[in-house]
Amino acid sequence: MYTHFVILDKDGRILYTSEASLAQEPDSILGLSLWDSPWFNHDTEVKKGMKEACLDALLGNTVQGRTSILLRDNPEPVEYRLLPQTGDSGEVSFLIQEVYLPASATNPGTNLPPALHNSELWIENSPICTKIVDLDFNLKYMSQAGIQDLQIDCIDDYYGRPYPLSFYPDAFKNSMHGKMAEARETGQTTTHEAPAYDINGNPVWYHSTLQPLKNRSGDIHSIMIVSINITAQKHAEDTLKKTLSNLEHKTRERGVELYESEERFALAMRGANDGLWDWNLESNEIYYSPRWKSMLGYREDELEGTLETWATLVIPDDKERILHEVQEYLSGNTDTFEVEMQMSHKNGNRVFVLSRAFLVHHESDGKPIRLVGTHVDITERKIAESYNEKNAEILEMIAIGKSASEIYDGIAMMYEARHPGLRCSMLELHDGKLMHGGAPSLPEEYCKAVHGLKNGPSVGSCGTSTYTGKRVLVSDIDTDPKWAKLKHAALPHGLRCCWSEPIKNSSGKVLGAFGMYYNHTALPDEEELKDLKSAARLAGIVMERDQARKRIHKLAYTDELTGLASRAYFYISLEEMITTSQRHDRRFSLLYIDLDNFKDVNDSLGVDMGDLLLKRIAHQLENVDSGIDFIARLGGDEFCILTEDVNDEYSAAHVAQRCLDVVGQPTLLSSGKLTPACSIGIAHFPDDGKDPPSLLKAADTALYAAKEHGKNRYAFYKPELTEIAEYRFLFEQYLREAIEKQELKIVYQPQVNIKSGNIIGVEALTRWHHQKLGQIPPTEFIAAAERIGMIKPLTEWVLRTACSQAVSWKKMGLPALRMAVNISPSHFLDRDLISLVKRSIDETGMTPSELELEVTEGVVQTDHHNLTVFQEMRNLGVMLTIDDFGTGYSSFASIKHLEVDCLKIDKYFVDDITTDKDTTTLVRSMIEMGHNLGHGIVAEGIETIQQLKVLRELGCETAQGYFFSRPVSAENIVVLLGNGNMLLSDTA
């Protein structure tokens with residue numbers, strides 16, 4: 001009985017099959033769903049059963065059962081297993097189906113381990129012999145190179161039999177068994193060298209590398225044996241040794257000089273392909289053959305015959321190791337000398353060298369006098385070995401579900417190591433745009449320039465290949481018309497040529513492009529072209545798997561009807577937000593939303609209309625831009641919202657009210673108008689629950705409280721919070737209406753010249769009395785106006801009204817007064833304020849020099865460019881005053897450059913000016929500083945004669961406060977001005 005492997009993607013489609021003997025060509029079944037393949041077309045029930053088994057396995061379950069497949073046109077009963085393969089995230093990446101076939105029904109020759117089947121694309125055409133054995137050392141696979149070396153007529157006869165095969169010598173079998181056991185037990189790579197004999201009895205020498213192959217769990221499932229044919233090298237060494245032996249005999253007869261000359265000649269002749277070196281241990285001179293030098297890019301006359309020559313060419317990391325190996329061989333501690341090293345080529349590249357040597361001893365005393373050896377360039381072999389190792393690593397990354405970006409980088413680096421100077425990139429195609437996938441060696445600036453480009457018939461190599469679906473080879477980026485609009489991004493980074501292969505999925509759809517770049521103009525040679533196609537095929541496997549994973553993720557985490565997050569995704573996000581909030585000591589709110597009387601919609605209009613209503617409400621909730629961090633549909637007519645409460649405990653109430661508003665908008669359904677409504681329960685973390693179940697229960701309890709109180713409302717889990725939030729919302733609603741209807745009132749408080757006692761100005765102050773809420777302090781409604789975005793219309797109304805009143809007083813014949821109006825700091829730095837002030841002056845006829853704008857000193861703490869607002873106000877002729885001076889954190893460096901007229905000392909300092917010496921000192925300093933900077937001084941909040949006298953002594957010129965007058969109506973200001981315009985007696 002043999003095992004047949006099939007690899008399936010997450011849609012159940014066949015990616016690869018290990019059998020080619022099931023009467024089906026691979027190209028005819030790849031891309032088909034397993035249950036739709038010809039193997040199961042003979043029976044509808046069998047197809048249905050296989051489809052159900054695959055869907056069960058895609059959920060992460062191992063499925064085992066019996067079925068029948070069509071073999072040689074006859075149904076055959078077989079047993080099978082479906083094994084889900086998961087990635088790091090725990091999601092199913094692909095499926096492996098094991099089908100246990102009778103020996104008569106299958107060809108074991110293609111029974112590769114599933115994780116390795118993809119590598120046939122590269123291994124089969126390699127000149128290196130590759131074998132794969134299972135953990136019992138039975139042969140599973142041998143590449144074409146090995147079959148040709150050993151002249152095997154039918155490799156199928158050897159599959160499933162113990163390895164090494166019968167035509168290997170017994171000594172080799174035993175030593176190879178030991179090496180395979182070592183690789184299986186330790187999990188480490190090991191090497192082995194021994195001969196085999198082809199069917200004609202000729203020896204074939206192999207240098208083999210044994211690589212254990214592991215699955216996702218780290219368990220070894222197979223061993224890959226990569227063997228290099230070194231038969232020619234062995235023949236050369238044997239011939240050299242025989243030649244030396246003959247020459248040693250002649251030396252005794254003809255003398256040392258003739259001996260060395262003839263021996264060197266023989267060595268040079270024998271070494272036409274290998275580099276020879278001859279180290280005279282007595283004179284320390286070294287002979288390097290012409291081939292030895294040319295192997296490193298040098299002419300015959302360029303390198304001196306010294307040890308220092310070798311020492312400068314070998315890379316530093318290998319130097320000490322090689323010298324140690326030489327010493328061990330010379331001292332007799334090792335029987336052979338064979339080492340691998342890296343040496344520097346003249347062009348800057350590195351060359352991998354295999355060096356072998358043997359000693360020549362003095363005849364009389366056996367003392368070693370020369371060390372003679374060869375250098376063989378094994379760079380191609382090392383590159384091939386590295387390529388195979390990296391290829392196995394990439395296949396393992398695919399099998400265990402590593403991220404696409406990691407695998408993309410691994411693919412790029414694998415081919416870049418294979419071709420020095422090459423730089424690779426992978427671009428994904430999304431909605432006709434090229435998106436960066438992986439390019440570890442390309443400049444970041446170039447990747448950014450390409451990312452997001454729309455593909456087309458002349459958009460570089462990759463944009464064109466994704467558009468046409470065909471390979472694009474550009475030998476010169478600078479002159480090729482396809483690069484005309486893009487070469488400015490490539491040439492500055494040395495990119496001169498680009499070859500692109502479209503990346504396609506199993507059904508032929510273009511998913512992206514694989515690009516190869518060099519810093520010189522060129523077209524690919526045969527090997528590069530082959531690698532370009534192979535790289536695109538490998539990247540296609542990764543892209544298709546990644547897109548399938550994203551599709552499954554979307555299905556799992558997205559509500560199919562509304563497009564919102566699903567219930568499963570909501571629970572994951574809720575747990576993540578709890579973890580983050582606990583770590584950073586933060587709070588957040590959970591809003592549980594349920595539509596009111598939704599069942600009536602389904603019953604009266606039908607389920608389709610109900611679904612349409614849910615879609616519209618989901619879209620409306622998505623567009624509530626009031627601090628929503630996450631929104632999901634739990635099912636039916638239930639939605640949940642997560643919103644972080646940073647500073648405001650009741651911000652969730654604002655979100656809830658916005659949700660009530662948008663849900664309650666009339667909508668047309670089935671030719672009729674419907675006004676939906678919802679109820680919302682609000683719970684806070686961690687106050688109302690510290691884990692998902694308790695928090696959801698609290699929000700659900702609050703939801704039912706909202707339903708019980710009449711629906712179409714929200715409720716907090718704690719009733720007192722609901723009351724406060726409802727009052728706050730009502731307060732803000734009343735304020736908005738009052739501002740819109742201009743129901744607030746303006747009163748005026750006189751400002752007096754301390755020396756003359758005359759009223760020189762007034763400050764316009766806003767008051768609000770509501771018929772239900774009563775008198776509201778300015779500190780409350782001004783802050784609320786800023787919070788709800790009504791401070792601008794309020795300021796505009798106050799400014800226009802105050803200016804009109806000042807003009808009206810002048811028309812009555814009253815003395816000209818300075819009209820002071822407070823401006824919110826946030827509004828002051830708004831560029832629209834300048835046009836508003838200018839428009840108010842123009843429309844009311846206000847004299848600009850009689851208008852004074854007061855702004856708190858916090859506005860000074862701004863960037864320097866914002867301070868230009870002060871200058872533009874002064875250009876209008878308007879006076880400017882820094883209000884509440886001394887209570888903030890204004891920068892003296894900024895005040896120095898401000899174009900202001902007055903500094904207004906806050907009541908906080910005036911209150912203590914007669915009782916606290918430190919306060920008196922501070923006020924004196926502020927007055928002196930203001931005068932020195934050319935600013936006038938106004939003191940507010942004066943309530944006693946004593947406070948007035950101290951301020952007069954300190955040099956303050958203008959005063960304001962209850963001592964003179966409370967804020968009064970415009971009519972009372974007329975009365976005050978009619979009484980002589982003086983609020984101070986001579987004795988004051």
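**Helix packing and local backbone features**

In this predicted model, helices H12 and H16 are roughly antiparallel to each other. Their axes cross at roughly 170°, and an angle over 145 degrees counts as roughly antiparallel. The axes come within 10 Å. H12 covers residues 404-418, and H16 covers residues 526-557. From H12, the contact takes in Ala404, Ile407, Tyr408, Ile411, Met414, Tyr415 and Arg418. H16 contributes Glu527, Asp531, Ser534, Ala535, Leu538, Ala539, Val542, Met543, Arg545 and Asp546. By class, the residues of this contact divide into eleven nonpolar, one polar and five charged. An α-helix has 3.6 residues a turn, so residues three or four places apart point the same way. Among the contact residues are Ala404, Ile407 and Ile411 of H12, and Asp531, Ala535 and Leu538 of H16.

On the H18 side, Phe598, Val601, Asn602 and Leu605 make the contact. On the H19 side, the residues are Val607, Met609, Gly610, Leu613 and Leu614. Seven of the contact residues are nonpolar, two are polar and none is charged.

These pairs belong to a chain of 988 residues. The chain has 32 helices and 37 strands. Buried residues make up 50% of it. The accessible surface comes to about 46200 Å². Carbon and sulfur atoms account for 48% of that surface. Of the contacts between residues at least 6 apart in sequence, 58% join residues at least 24 apart.

With neighbours within four places in sequence left aside, Pro967 is in contact with Val747, Tyr748, Gln749, Leu765, Arg767 and Tyr962.

Helix H14 (residues 460-468) is largely enclosed by the rest of the structure, because seven of its nine residues are buried. Those residues are Gly460, Ser461, Cys462, Gly463, Thr464, Ser465 and Thr466. Their cover includes five strands: E16 (423-430), E17 (433-438), E19 (472-474), E20 (497-504) and E21 (510-518). Just after H14, Gly469 takes a positive phi of about 75°.

The loop between E16 and E17 holds Asp431. Phi of Asp431 is near 50°, a positive value in a residue other than glycine. Asp431 counts as exposed, because its relative accessibility is 77% and the cut-off is 50%. Asn284 likewise has a positive phi, of about 65°, and is not a glycine. Asn284 sits in the loop between strand E11 (275-280) and strand E12 (286-288). Its relative accessible area is 41%, so Asn284 is partly exposed. Most residues other than glycine have a negative phi, and most peptide bonds are trans.

The bond from Tyr163 to Pro164 is cis, with omega near 5°. Pro164 lies in the loop between helix H4 (144-149) and helix H5 (170-186). The bond from Phe685 to Pro686 is also cis, with omega near 5°. Pro686 falls in the loop between strand E27 (678-685) and helix H21.

H21 itself comprises 17 residues, 692-708. At 1.5 Å a residue, H21 should span 24 Å. Its end C-alpha atoms are 24 Å apart, which agrees with that expectation. The buried residues of H21 are Pro692, Leu695, Leu696, Ala698, Ala699, Ala702, Leu703, Ala706 and Lys707. Gly710 follows H21 and has a positive phi, near 110°.

Definitions and conventions
Residues numbered from 1 in each chain as written. Predicted model: local features only at pLDDT ≥ 70, side-chain atom pairs only at ≥ 80, totals over all residues. Heavy atoms only, no water. Helix = DSSP H or I, 4+ residues; strand = E, 2+ residues; numbered from the N terminus. Expected span 1.5 Å × (residues − 1). Buried < 20%, exposed > 50% of the residue type's maximum accessible area, 1.4 Å probe, protein only. Contact = heavy atoms within 4.5 Å. Nonpolar A, V, L, I, M, F, W, Y, C, P; charged D, E, K, R; others polar. Axes fitted to C-alpha atoms, helices over the stretch in contact; angles between N-to-C directions. Parallel < 35°, antiparallel > 145°, perpendicular 65-115°, else oblique. Areas by Shrake-Rupley, 256 points an atom, 1.4 Å probe, with all protein chains shown as cover.
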